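Try each one before you read the solution.

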Amino acid sequence: MDQTATTSTAPSPRAVAAPASPRLLVLSAFRFPHGDAMSNRLLQLARSAAPAGGTVLVVNDWPDDGSRPDPAPVLPPEVQLLTLTSRAHGRLLRWLRRQTRPVRVLRALRRAGVRRGKVSGVYIPLNLFNLTTWAALRAVLRVPVLVDVLERHDPGQFPRGRLAPYFLRHRWSSLLAGRLASRVVAVSETLGAHYAGHGRPVLVVPPQVDCAQFTSPAPPPLASGLRILYAGSPGLKDLLAVVLQGLARLPAPERQRVQLVVAGVSRLDAPRSSDLDAGLLDTDSVAFLGRVPRERVLAELRRSHFSVLVRPDAGYAHAGFPSKVPESLAAGCPVLLNHTSDLARYVSDGREGIVLDGPTAEDVRRGLHRALQLDDSQWRRMSQAALARARDFDYRAWTPIVRTFVSGVVDASNAPGRSAFASGSSSPNRRSAG
């Protein structure tokens with residue numbers, strides 16, 4: 001049975017009273033607000049989209065993954081939260097739970113006193129967007145439906161290729177969004193151009209951060225060794241195996257000066273959950289932390305000289321935008337990476353990080369060798385450049401244009417075929433998506 005919890009001054013759903021003016025409804029089904037990358041994406045976009053002096057209401061259908069929502073999560077004042085919780089045992093019940101999500105959301109809104117006319121629009125991530133959700137919310141609320149698109153999968157990512165159920169659902173949702181969404185927010189220029197080609201008004205917004213959440217970097221002196229962090233779930237998307245291979249290719253004296261910390265997977269689970277060769281894990285140069293809370297990841301960033309991210313030269317890598325890059329920059333931790341997606345706009349070689357020539361183990365070896373040649377003053381200059389660039393991802397820099405776009409006030413410079421992104425300063429500039 002569904003239960004509704006309200007994050008406010010009281011635990012009752014009635015605590016979310018009908019607002020004096022219409023506000024945006026954000027639909028979520030993640031460990032919101034601080035449990036994963038998608039949750040952070042929605043939280044910062046909600047803050048950008050909140051009307052001046054107003055609020056955004058997030059209705060989060062908490063995933064049935066064994067975790068439990070925080071009964072009193074820390075939220076900014078412009079974001080209110082309704083959390084739906086239920087238990088669904090078995091594949092059929094979980095499928096039914098997903099199919100009935102729009103009905104359960106509408107029931108939660110009614111119980112909370114939010115009526116039609118008090119919602120200005122609905123904001124939905126692409127992986128929650130389907131025909132049933134669009135039809136139900138449009139029919140009842142009669143407001144525009146905006147879709148947030150973060151990725152475009154390739155058949156090669158899945159063992160069954162184009163026949164993989166997840167791939168089919170993803171492409172079906174993409175097709176629907178290109179024809180039914182009132183407006184599209186895309187995470188990269190590649191995705192923005194795709195949806196602009198379908199005639200959708202598009203705004204390109206990279207992953208956002210709250211720079212005020214990050215503390216000053218404090219890694220150890222480079223003379224004591226080079227500390228590198230990988231945070232995430234290794235697999236085909238992030239080539240952690242290539243990073244380990246590149247590390248193994250360093251001469252022994254250099255390799256002994258490098259400490260690679262992996263947050264997100266344990267040493268035991270790494271070979272089972274990715275393409276990692278178990279033989280590469282038997283080294284003192286690599287430490288596995290397993291799954292750790294976000295606060296621990298931020299603390300590790302603060303203590304690291306570089307974060308590392310290697311992605312293949314593939315369509316899905318160019319369509320997405322890794323959220324770990326803005327977070328690393330905001331922590332003052334330069335990035336060791338190869339250019340995919342729009343990363344070349346934000347990370348220049350020798351400035352905000354070290355840019356690899358490609359996604360191979362030899363490219364990683366050369367990048368690590370370059371990092372080992374730095375002294376503390378050179379690293380500090382790189383760290384300061386990373387902090388300066390992070391302001392281009394701060395949600396505050398995006399508030400004017402996101403708020404305007406979400407409200408439906410789209411001027412000629414932001415018509416279909418146009419996008420926006422921050423480039424070279426803390427204020428977003430506008431540029432053609434196609």
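This is a predicted model. For patches, residues need over 30% relative accessible area and no salt bridge, and like charges are joined within 9 Å.

**Exercise 1.** Find which residues form a positive surface patch, and where the largest share of the patch comes from.

*Solution.* Next, look at the elements: helix α2 (residues 91–99) gives the largest share, three residues.

**Exercise 2.** Work out which residues of helix α3 are buried, and what follows the helix.

*Solution.* Go along α3 (residues 101–111): the buried ones are R101, P102, R104, V105, L106, A108 and L109. Then step past the end of α3, where you meet G113 with a positive phi, near 85 degrees.

**Exercise 3.** Count the aromatic pairs, then classify the pair F321 and Y346 and the pair F321 and F393.

*Solution.* The count comes to five aromatic pairs, with ring centres required to lie within 6.5 Å. For F321 and Y346, the centres are 5.8 Å apart and the planes at 70 degrees, so call this pair edge-to-face. Both F321 and Y346 are buried. Now F321 with F393: centres 6.0 Å apart, planes at 65 degrees, so this pair is edge-to-face. It links distant parts of the chain, 72 residues apart: F321 in the loop between α11 and α12, F393 in the loop between α14 (376–390) and α15 (395–407). F393 is buried, as is F321.

Terms used:
Residues are numbered from 1 along each chain as its sequence is written. This is a predicted model: local features need pLDDT of at least 70, side-chain atom pairs count only at pLDDT 80 or more; totals for chains, interfaces and linings use all residues. Side-chain values use heavy atoms; hydrogens and water are left out. Patches are made of residues with over 30% relative accessible area and no salt bridge: like charges are joined within 9 Å, nonpolar side chains (Val, Leu, Ile, Met, Phe, Trp, Tyr) within 5 Å. Accessible areas come from the Shrake-Rupley method with a 1.4 Å probe; for residues, only the protein chains shown count as cover. A salt bridge is a side-chain nitrogen of Lys or Arg within 4 Å of a carboxyl oxygen of Asp or Glu. Lys and Arg count as positive and Asp and Glu as negative; His and the chain ends are not counted. The place of a charge is taken as NZ of Lys, CZ of Arg, CG of Asp or CD of Glu. Helices (H or I, at least four residues) and strands (E, at least two) are DSSP runs, numbered from the N terminus. Buried means under 20% relative accessible area, exposed over 50%, partly exposed in between (1.4 Å probe, protein chains only). Rings of Phe, Tyr and Trp (its six-membered ring) pair if their centres lie within 6.5 Å; planes under 30 degrees apart count as stacked, over 60 as edge-to-face and the rest as tilted.
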